[in-house]
Amino acid sequence: MDMHEQPTMPWQGGDVTQGQGPEPQGVSQPSTGATSARRAGGVSRRKLVFGLAGAGVAAAVGGVAVEQWLQHGGLSTHGPVAGDAQIGHLLRRAGFGATPEELATYTSLGYNGAVDRLINYQSVSDDDMENRLKALNLDLSKPQEQQRWWLLRMAWTQRPLLEKMTLFWSGHFTSSFRKVGGGNAYMRMIVQNQFIRSHAFDTFDNLLLGITSDPAMLFYLDLTKSRKNAPNENYARELMELFTLGLGHYTQQDVFNAASALTGWHIVGNSTTARYNPNDHNSLTKTFLGHTGKLDYKDVINILANHPATPWFISRKLFTFFAYENPSNDDLNPLVDAYVKSNHNMGEVMRALLLSPQFTSPKAYRSRLKSPTEFVVGAYRALKIQSNGSELPGVTTLMGQPMFDPPNVAGWPGDKVSALWLNSGTWMTRLNYIDSLLVRAANRNNASSPVDLQAIINANHIDSPEHFVDYFTSFLLDGTIDQDRRAQFIDYFNTPDTGRARGGSVTLTNGKSYPLNRVRGTLYLIMASPEYQLN
Amino acid sequence: MRLSRRAMIKDGMLVVSAGMIMPAIFSRGVASAKTLASEGAHTSQAASDRTLIVVQMAGGNDGLNTVVPYTDALYKKMRPTLALTENKVLTLDGRLGLHPNLAPLKTFWDQGHLAIVEGVGYPNQSLSHFQAMDIWQTLDLNGNGGEGWLGKLVSGWVDQDGHPFKALDIGTQTAQALASISSPVPTMANTQSYRLANDPFDADGGNARIQALMKLYNTYPKSSPYAALLDTTALNAQEGTRQLRAADAAYHPAVTYPTGPFAAGLKVLAEAIVQGLGLRVGYVTLGGFDTHANQQATHDTLMKTLAEGLSAFYNDLMKHGKADNVVVMTWSEFGRRVEENGSLGTDHGTAAPLFVLGNPVNRGIYGEPPSLSSLDQNGNLKYTIDFRSVYATVLDRWMGASSKDVLGVSFGSQNFLPQS
């Protein structure tokens with residue numbers, strides 16, 4: 001529907017004039033010239049991957065960030081966000097919220113240890129999720145089943161940041177099943193999704209190389225239609241405007257020339273693979289962003305990944321998505337540093353982001369509206385809903401986020417301005433989803449049943465209305481609600497049911513019984529509250 | 001049938017207990033009305049029976065194959081496979097014709113209810129979807145805009161209480177033209193989904209739960225993140241549900257709408273108009289116009305969807321006696337390149353025609369179709385009418401608003417609407 005500009009240009013806003021961000025430039029770096037371009041052209045994908053093996057550099061970057069963080073207050077008790085809330089905040093932003101058990105696991109690691117566990121995801125097995133998904137026998141050539149598959153991954157994963165990064169990159173390197181070829185070609189969306197997932201923390205160069213030759217992307221932005229003598233400029237333009245530089249750093253001539261340099265990639269027939277055809281590559285000499293030579297796609301990507309505007313652009317987008325909107329250049333400095341020093345390793349950029357004092361500052365806390373995915377998956381995870389997930393795609397769609405189908409190549413407007421996720425229509429859809437988890441079987445075609453509150457009460461020895469409210473708010477709202485609001489929840493729990501209790505009752509471990517509708521109504525109110533709409 | 005929010009509270013529909021904080025929107029509404037009055041600013045009223053429907057054709061509609069310069073030899077020359085020939089187009093005036101699938105719009109033309117504004121664009125047009133959409137929707141020519149022009153109009157209304165559907169966006173995401181942090185516009189795909197579910201075990205039909213819920217929003221501290229947005233959202237949902245439920249029961253469409261989400265969306269807007277929900281701005285999007293490759297089949301279908309949907313909508317309003325109160329305006333972020341590309345499609349272009357439709361409209365073609373022999377350096381058309389003068393015309397002559405206040409600057413008017 002609507003389109004939104006990427007959040008803010010690096011040169012936008014007051015502090016840009018202080019020289020922290022790059023100058024906007026129509027044509028950049030004339031000094032490097034043809035020689036460097038040709039050298040860049042010789043860099044193979046493998047070499048690019050090897051380039052990031054400078055682990056020492058990466059560690060040093062992490063070290064600097066930690067030091068800065070400690071200097072800014074770090075984990076101290078008078079620090080920005082209280083210790084308990086920090087892990088909840090981290091798991092909401094770098095994941096999809098948490099169960100009480102997950103909170104305990106990550107809390108025991110300390111904040112830095114928790115960040116390590118999230119980024120070093122290979123150390124945590126996700127076999128259980130893979131097996132559960134396999135057992136569903138989903139037909140991944142169907143968009144609806146793809147949506148379900150992806151949402152269930154987010155709901156079941158033990159690698160929350162990996163899935164969150166996959167969601168982020170999918171909103172950045174967008175494609176949509178609506179323009180991917182139809183029929184069996186729908187599978188291209190899954191191929192792309194898996195590529196993004198397996199390279200989520202890779203170098204930005206490798207992400208760009210992979211996405212440029214990704215079949216879904218080749219189709220979505222028409223690069224597969226681009227011919228040696230008839231370059232299609234769609235991908236070239238978005239590659240610069242939305243994926244790497246942002247507006248203001250290139251000219252229309254750069255778009256023409258990049259389109260020409262990018263020719264050669266095509267999808268093989270109706271398949272999910274792509275092939276580079278040197279005979280369909282326009283090998284004439286061209287000038288792109290000040291580099292002149294017989295440029296090809298590797299040169300274009302190399303030039304873009306090394307362009308000074310790129311780390312600012314991608315850091316701004318990451319920071320906005322994970323921390324808060326309208327960051328200053330100071331906020332972005334640690335991310336840009338990490339990008340440069342780690343040879344563009346996105347894992348190190350993420351580490352710098354999550355360890356920055358800004359990330360755990362009060363300014364970041366509850367500073368974004370939950371996206372539909374965060375809301376739907378978050379509630380599903382936290383309440384440990386057991387279902388086959390067939391209800392999930394329709395719910396996120398009604399809330400404004402159909403998976404694999406962003407409104408346009410700029411991705412989800414709400415990723416940049418989260419307030420845009422909310423209006424009276426989408427708000428009611430959120431609350432009705434909570435109602436469905438607690439009151440109704442999630443879906444008529446679904447064998448799931450409402451959350452078994454009696455079982456939770458028994459397992460956790462919940463012996464009073466206060467205990468009930470404290471138990472759920474501890475992991476749903478970080479236990480940081482005002483006394484007045486806590487009292488409103490408890491009041492509702494204690495309100496006598498005016499009619500006959502038709503729905504049976506729930507018994508706390510002190511032996512006292514309460515009407516089921518009041519008990520689950522209390523949990524509904526906690527998750528329908530203003531605070532729970534925020535991330 | 002509508003009650004203001006204050007009356008609603010008096011009626012006990014929304015029980016606000018003593019000592020509860022006055023919802024932020026009330027005080028803000030009062031304050032802004034006072035400010036506006038003292039500054040002498042002229043904004044329009046939410047309560048009026050005039051409605052503007054905005055149809056977004058997302059992706060960049062090929063204007064040259066919509067309103068076709070079929071007599072121009074250059075058109076055929078630059079579009080060897082895509083050009084529409086004279087025997088296919090629906091002739092308007094001997095030099096321009098409509099795409100063959102726009103026959104329902106041709107009917108409006110014959111009846112005198114269709115205006116075509118030609119060559120609409122702005123200086124240094126952006127070829128980027130996103131920047132162009134930003135420019136059209138926020139009027140920020142750098143493409144960094146925030147609030148939408150319709151959002152500004154809506155949030156400037158001084159008597160908003162009790163009008164949750166003064167503006168309505170069909171779909172599940174808010175169009176940026178309607179973006180306004182202070183006055184979020186409801187989105188809905190259909191009227192059935194616009195209500196809160198109840199716990200069937202609540203003997204009071206869910207009343208106590210809803211009251212507890214609304215209290216959580218009313219007492220959410222004003223200094224907390226997103227306080228005004230959350231509070232307004234909850235109140236609008238509550239009042240809007242009540243109004244829509246009544247409208248659903250009373251509304252019977254007078255025509256059969258085509259299938260598909262575009263026509264279904266128009267039907268919701270018709271219901272809001274026919275049932276007097278106070279709709280002043282309705283917004284609906286038809287997407288898929290980004291025809292870089294194999295354009296013809298896609299574009300043919302979209303033209304058909306557009307024309308048949310608008311036709312059903314108009315006829316429904318006619319039969320309910322509401323057509324005199326409604327003006328429809330279409331827009332797209334840009335037209336397409338004059339010369340077709342090597343993929344049987346067209347790349348991003350610039351100026352394009354747009355439609356204004358309705359009984360109040362002065363039929364005619366306004367502005368000059370851009371010359372195909374004098375293109376810009378990218379092979380694109382040079383605009384002849386600034387889109388902001390189209391907005392100004394609609395705001396001043398139809399919405400009773402001050403276009404200078406909404407748009408920030410004065411732009412000349414076009415004559416496709418009579419002076420009010």
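Residues are numbered from 1 along each chain as its sequence is written, and chains are lettered from A in the order in which they are written. In this predicted model, local features need pLDDT of at least 70, side-chain atom pairs count only at pLDDT 80 or more, totals for chains, interfaces and linings use all residues, and side-chain values use heavy atoms, with hydrogens and water left out.

A nonpolar core is a set of buried Ala, Val, Leu, Ile, Met, Phe, Trp, Tyr and Cys residues joined through side-chain atoms within 4.5 Å. Buried means under 20% relative accessible area, with a 1.4 Å probe and protein chains only. The largest core has 220 residues, and W169(A), Y433(A), F472(A) and F313(B) have the most contacts inside it. Apart from this core lies another of 44 residues, including Y122(B) and F387(B).

H266(A) belongs to strand 1 (residues 265-267) of chain A; strands are DSSP runs (E, at least two residues), numbered from the N terminus. H266(A) counts as buried because its relative accessibility is 11%. Two polar pairs of its side chain are listed below; a polar contact is a pair of N or O atoms within 3.5 Å, and within protein one must be able to donate a hydrogen and the other to accept it, while residues adjacent in sequence count only if both atoms are side-chain atoms.

| Partner of the H266(A) side chain | Distance |
|---|---|
| D280(A), side chain | 2.5 Å |

In helix 13 (residues 234-244) of chain A, 11 of its 11 residues are buried. Just after this helix, G246(A) has a positive phi of about 85°.

Notes
Buried means under 20% relative accessible area, exposed over 50%, partly exposed in between (1.4 Å probe, protein chains only). Helices (H or I, at least four residues) and strands (E, at least two) are DSSP runs, numbered from the N terminus.
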